[in-house]
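Subject: Structure handover

Dear colleague,

Here is the structure I promised to pass on. Please look it over first; my notes follow below.

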Amino acid sequence: QQGESGVDGLLAGKQHAAVTETSLMLHYAPELVHMDRMVEEAGATAKSHVRTLCAKVTFRHGGLANPAGSSAERGRLIAEACVDAVAEICAEEFGE
């Protein structure tokens with residue numbers, strides 16, 4: 001298991017339109033991300049019991065958490081970690 005400096009740290013913002021999703025979009029399709037519209041809303045952290053999007057739990061900006069700290073580099077690292085993890089699972093399950 002990796003600490004905050006590893007994959008766990010990269011995945012700290014797991015909510016809709018937060019650090020993880022925004023970073024992945026900055027990596028894969030930066031032209032679709034409008035960082036100039038990013039809102040750093042105080043207290044914008046989704047609760048663990050939030051499972052679906054609804055008007056009662058989204059913030060004014062439409063996300064479930066703060067996207068501050070997003071970057072294409074973070075997105076690249078997340079994507080690479082996911083690909084590596086899937087490759088490892090496939091190797092375990094189906095042989096190399």
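Helices (H or I, at least four residues) and strands (E, at least two) are DSSP runs, numbered from the N terminus. By that rule, Ser 23 lies in helix α2. I will come back to Ser 23 below.

First, the ground rules. This is a predicted model, in which local features need pLDDT of at least 70, side-chain atom pairs count only at pLDDT 80 or more, and totals for chains, interfaces and linings use all residues. Residues are numbered from 1 along each chain as its sequence is written, and side-chain values use heavy atoms, with hydrogens and water left out.

Overall make-up

The protein chain has three helices and zero strands. Along the sequence the pattern reads α-α-α. The chain has 96 residues, of which 26% count as buried (buried means under 20% relative accessible area, exposed over 50%, partly exposed in between, with a 1.4 Å probe and protein chains only). Take the contacts (heavy atoms within 4.5 Å) with a separation of 6 or more: residues 24 or more positions apart account for 60% of them.

Confidence

pLDDT is the predictor's confidence in each residue, from 0 to 100. Its mean over the protein chain is 74, and 60% of the residues reach 70 or more.

How α2 meets α3

The axes of helix α2 (residues 19-28) and α3 come within 7 Å and cross at roughly 95°. Axes here are lines fitted to C-alpha atoms, for helices over the stretch in contact, and angles run from 0 to 180 degrees between N-to-C directions. α2 and α3 are therefore roughly perpendicular to each other. For the terms: angles under 35 degrees count as roughly parallel, over 145 as roughly antiparallel, 65 to 115 as roughly perpendicular and the rest as oblique.

On the α2 side, the contact involves Val 19, Thr 20, Ser 23, Leu 24, Leu 26, His 27 and Tyr 28. On the α3 side are Ala 72, Arg 74, Gly 75, Arg 76, Ile 78 and Ala 79. By type, the contact of α2 with α3 has seven nonpolar, four polar and two charged residues. The classes are Ala, Val, Leu, Ile, Met, Phe, Trp, Tyr, Cys and Pro as nonpolar, Asp, Glu, Lys and Arg as charged, and the others, Gly among them, as polar.

Now back to Ser 23. Ser 23 is buried, with a relative accessible area of 0%. Leaving out residues up to four places away in sequence, Ser 23 touches Ser 70, Ser 71, Ala 72, Arg 74, Gly 75 and Ile 78. Leu 77 lies in helix α3. Leu 77 is partly exposed, at 31% relative accessibility. Ser 23 and Leu 77 are 54 residues apart in sequence, and their C-alpha atoms are 9.4 Å apart in space.

Gly 69 sits in the loop between α2 and α3. Gly 69 and Val 19 are 50 residues apart in sequence, yet 6.3 Å apart from C-alpha to C-alpha. Neighbours within four places aside, Gly 69 is in contact with Val 19 and Arg 74.

Salt bridges

How many salt bridges does the whole structure hold? The search finds two. A salt bridge is a side-chain nitrogen of Lys or Arg within 4 Å of a carboxyl oxygen of Asp or Glu. One joins Glu 73 and Arg 76, at 2.5 Å from N to O. Both residues lie in helix α3, three residues apart, about one turn of the helix. Another joins Glu 80 and Arg 76, with the closest N and O atoms 2.7 Å apart. Glu 80 and Arg 76 are four residues apart in helix α3, again about one helical turn. Glu 73 is partly exposed at 41% relative accessible area, Arg 76 is partly exposed at 27%, and Glu 80 is partly exposed at 39%.

Best regards
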